[in-house]
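Open your viewer and get ready to select a few things along the way. We will visit a pocket and then an interface.

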Amino acid sequence: MISGFETALAGGAGAVIVGAVGWAGTLLLKSVQQRASDGTRSVTDAASANAALLSTVKALQEENARLWAQNAAQAAKVAAMSRRVTDAEDQLRTALGELDAMRRELVAMRQQASP
Amino acid sequence: MWTRSRMRARDVLDRMSVAPFQGAIGTASLIAVVAGIFGIAPPSMTAFPLPIVVAWTILLAGGSPLMLTGLALLAPRVEQAGLVLLSASYAIYGGALLILRPVTSVTAAALYLLIAGACLLRIRVLSRALAAAAWTENE
């Protein structure tokens, strides 16, 4: 038969056990929550870094397209100027040819005029 | 792979070296639990009522692995949870010895009750360290 004293002892021990298990359970729960929040934070940080990288890539792509367009505009200007130079060269050649013909005509006229 | 295992073992040893007495108490408690499973209990346990013996065994079986794991893996809250259970276990054992054998077991009772107190002090130290770390993070 269990004495009253032993019952009191068992009751005290039981209370200590319940308190200790409850406290330990709370601490373990906090540990799990901390790990979960650390994991979430690292995922969020990685997502932010990824978003920043994507934004940088997009900006670089836009800059690239702008530079290509600028390059194409410069090339068009160079082509137009090249055509103008070619046209001017053709005109110059034609004028030089006409001048040469006029000089030959002048020489022939001078030869006819002299006795 | 051998190098990685050796480094991990060295890391665990380094962490245990930070609190060697705690590691010793945890290991001794684990040995006591394993011995208890095989029916080898401390002699003073024969005077205890069965509920005390069961409570002591369960708390020791839960507390010592948790405490050692928390210490080895640098998980302060897990270590604290183990210390809570160990503290309760040693408090029950020391308290029972003091009540049931106040004269013959005074030294053993004092040892176990002081171990229980040391576990509570260590819980306090870890709580303050965690609070300081949280404050630093928020800064």
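What volume does the largest pocket have? The answer is about 290 Å³, the space filled by probe spheres set on grid points joined across faces, edges and corners. Here a pocket is an open set of points on a 1 Å grid over the protein atoms alone, where a 1.4 Å probe fits, with protein on both sides within 12 Å along at least five of seven lines.

Before you select anything: this is a predicted model, in which local features need pLDDT of at least 70 and side-chain atom pairs count only at pLDDT 80 or more, while totals for chains, interfaces and linings use all residues. Residues are numbered from 1 along each chain as its sequence is written, chains are lettered from A in the order in which they are written, and side-chain values use heavy atoms, without hydrogens and water.

Now select A:Gln34, A:Asp38, B:Pro76, B:Arg77 and B:Leu130, which lie nearest the pocket's centre among its 13 lining residues (those with an atom within 4 Å of a point). Next, colour H5 of chain B: five residues of the lining, the largest share, come from this helix (a DSSP run of H or I, at least four residues).

Move on to where the chains touch. The contact (heavy atoms within 4.5 Å) takes 20 residues from chain B and 17 residues from chain A. In chain B, select B:Arg77, B:Val84 and B:Ile99, which lose the most area to chain A (accessible area, 1.4 Å probe). Finish with H4 of chain B, which gives 10 residues, the largest share of the side touching chain A.

Terms used
Buried area = accessible area lost by both parts, 1.4 Å probe. Helix = DSSP H or I, 4+ residues; strand = E, 2+ residues; numbered from the N terminus.
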